[in-house]
Amino acid sequence: MDFLDPNKRKIRSRQIFIGYFLLGTLIILATVILVYLSYGFGIDKNGQVYQNGLIYLSSQPTGSNVSINGTGYGQTDKSLSLPSGEYLLKISRSGYHDWKKSIEVDGASVQHFDYPLLVPNKLTSTPITKFDSAPKLTLQSPDRRWLLIEDPAIASNFTEYDLNTKPIKSPAVLSLPTGLLSPGSNNDSLQLAEWSTDNIHVILKHSTANGDEYILFDRKDPVNSINLNRNLNIPIGQMSISLWDNSKYNQFYAYDSSSHDLYSTTLSSPNLKLLYNSILSFKSYANNIILFAQTDQSNPSLVNIKVAQGKSINKIRNFTAGSSYLLDLAQNSGNWFYLVGSTLDSKVYVYENPIQNLQQNPTQPLAPVNVLKVPGVNYIKFSEDTRNILAENGLAIETYDDFANKNYTYTLTKNIDNPQSHVSWMDGERLIYTSDSSIYMI
């Protein structure tokens with residue numbers, strides 16, 4: 001009858017309490033340990049506390065060998081937990097060039113390396129078409145599927161390839177309608193002005209002795225191609241013509257570079273409507289955003305960079321007059337990125353969500369999230385996935401990776417072959433160019 005003994009009941013209650021207390025303590029301790037482990041903390045063999053970071057690795061082709069500082073870690077695709085520090089990551093595979101990168105792992109950080117591309121040691125090529133001379137113009141649609149090559153002998157004919165077919169099927173021959181191009185001389189040429197994101201319509205600039213005229217080419221049904229100068233009643237050589245919204249092909253901007261006036265017009269109502277004057281450069285996005293450089297009316301020595309969204313106009317920054325101005329904008333993961341550059345300033349300023357920031361803090365100066373510094377910068381371009389930004393002048397290149405918040409600087413060792421004017425984004429991560437008839441990938 002121990003349970004009737006008051007002293008023994010107290011001892012048992014005390015034991016139960018101590019047991020629950022110890023169990024609770026163990027649970028709390030285990031939870032703390034699990035939390036610290038989730039944040040990458042650990043203890044090495046010397047009793048020192050360290051913190052791990054996590055990296056995810058994938059590659060093309062998959063199943064490639066992974067080594068960190070010379071030690072093998074299996075094959076891609078995989079994840080690795082590594083203590084904070086600097087490492088040499090190498091991904092290799094028989095028959096391919098090694099892919100290497102110096103990486104820095106921070107405690108509790110998560111990094112994704114999902115872009116490594118291993119290039120075969122030996123590339124093989126299969127002839128598809130032979131031209132008697134080098135084509136002057138090559139066009140590739142924004143989705144990279146359609147490749148159009150101008151016939152060297154007949155400027156109004158194009159050979160079209162569907163790159164999604166493997167092997168590539170017999171190409172089709174596309175011809176501009178007779179009489180669409182204004183009569184010219186043998187020195188006339190066609191150039192790419194702008195693709196529509198529908199991957200069907202492309203604006204071609206036809207350079208003639210009388211100036212430039214613009215052709216809206218329908219690669220799907222060439223007979224529907226039109227001469228924009230004629231349809232919009234704009235004399236040849238008077239204005240440049242571009243898409244208002246590059247997802248459509250019936251609304252346009254018309255820019256007079258002599259008067260610096262910017263107009264809008266449509267195929268259904270071909271009447272020029274003045275939008276802004278004193279415009280030195282502009283870039284549009286969708287159907288309601290336009291970023292532009294405009295001479296300051298109160299101080300002609302300055303040029304203001306502004307953005308108009310609907311009826312709202314906001315000032316981004318200003319530059320000293322007398323430069324060429326580089327403008328671009330894109331959206332990435334719900335955030336807007338604006339590029340604003342000046343050749344004289346030798347800088348490209350990167351702004352994130354500038355309109356939102358100006359509306360929330362109208363009295364505060366707008367600060368860029370990054371600045372790319374390239375002497376005499378004359379070209380800017382977002383990568384295909386808009387994560388990376390390129391600033392270039394000749395052989396000098398700087399890129400900005402928004403995801404990693406890092407800048408990378410390159411100096412090309414060889415000149416770029418004509419007709420390329422700049423390096424190009426191969427995809428979201430790699431730059432590509434040709435030099436001395438060889439292809440280089442960064």
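1. The lining of the second largest pocket divides by class into 15 nonpolar, 7 polar and 10 charged residues. The model is a predicted one. The space in this second largest pocket is about 910 Å³. Its lining is made up of 32 residues, and those closest to the centre of the pocket are Trp-99, Lys-101, Tyr-115, Tyr-408 and Glu-429.

2. Which elements give two or more residues to the lining of the second largest pocket? They are four strands: E7 (99-105), E8 (110-113), E31 (396-401) and E32 (406-411). E7 supplies the largest share of the lining, with 6 residues.

3. For the chain as a whole, the secondary structure amounts to 3 helices and 35 strands. The chain has 442 residues, and 37% of them count as buried. Among contacts in the chain with a separation of 6 or more, 37% are between residues 24 or more positions apart. The accessible surface of the chain is about 25,100 Å², and carbon and sulfur atoms account for 51% of that surface.

4. Strand E15 covers residues 211-218. Is E15 largely enclosed or exposed? Of its 8 residues, 7 are buried, so E15 is largely enclosed by the rest of the structure. The cut-off used here is that a buried residue has under 20% relative accessible area.

5. E15 has a pairing partner in strand E14 (residues 201-208): the two are antiparallel and share 8 bridges. Together E14 and E15 make a hairpin, with 2 residues between the strands. Within this pairing, His-206 is opposite Glu-213 in E15.

6. E15 also pairs with strand E16 (residues 226-227), again in the antiparallel sense, through 2 bridges. Here Leu-216 is opposite Ile-226 in E16.

7. Where are cis peptide bonds found in the model? One joins Gln-60 and Pro-61, with omega about 0 degrees. Pro-61 belongs to the loop that runs between strand E2 (49-57) and strand E3 (65-68). Another cis peptide bond leads from Lys-166 to Pro-167, and its omega is near -5 degrees. Pro-167 is placed in the loop between strand E11 (157-162) and strand E12 (172-175).

8. Asn-233 has a positive phi, near 60 degrees, and is a residue other than glycine. The loop that holds Asn-233 lies between helix H2 (228-231) and strand E17 (240-243). Is Asn-233 buried or exposed? Asn-233 is exposed, and its relative accessible area is 58%. The cut-off for exposed is over 50%.

9. Ser-333 is not a glycine either, yet its phi is positive at about 50 degrees. Ser-333 sits in the loop between strand E25 (325-332) and strand E26 (335-342). With 72% relative accessibility, Ser-333 counts as exposed.

10. For a reader with the structure in view, some places to look up are listed here. The second largest pocket can be found from the residues closest to its centre, among them Trp-99 and Tyr-408. The hairpin is formed by E14 and E15, and E15 is the strand with 7 of 8 residues buried. The cis peptide bonds can be located at Pro-61 and at Pro-167. The positive phi values belong to Asn-233 and to Ser-333.

Key:
Residues are numbered from 1 along each chain as its sequence is written. This is a predicted model: local features need pLDDT of at least 70, side-chain atom pairs count only at pLDDT 80 or more; totals for chains, interfaces and linings use all residues. Side-chain values use heavy atoms; hydrogens and water are left out. On a 1 Å grid over the protein atoms alone, a cavity is a set of points where a 1.4 Å probe fits but cannot get out, and a pocket is an open set with protein on both sides within 12 Å along at least five of seven lines; lining residues have an atom within 4 Å of a point. Grid points are joined across faces, edges and corners, and a volume is the space filled by probe spheres set on the points. Ala, Val, Leu, Ile, Met, Phe, Trp, Tyr, Cys and Pro count as nonpolar, Asp, Glu, Lys and Arg as charged, and the others, Gly among them, as polar. Buried means under 20% relative accessible area, exposed over 50%, partly exposed in between (1.4 Å probe, protein chains only). Contact means heavy atoms within 4.5 Å. Accessible areas come from the Shrake-Rupley method with a 1.4 Å probe; for residues, only the protein chains shown count as cover. Two strands pair if DSSP finds at least two bridges between them.
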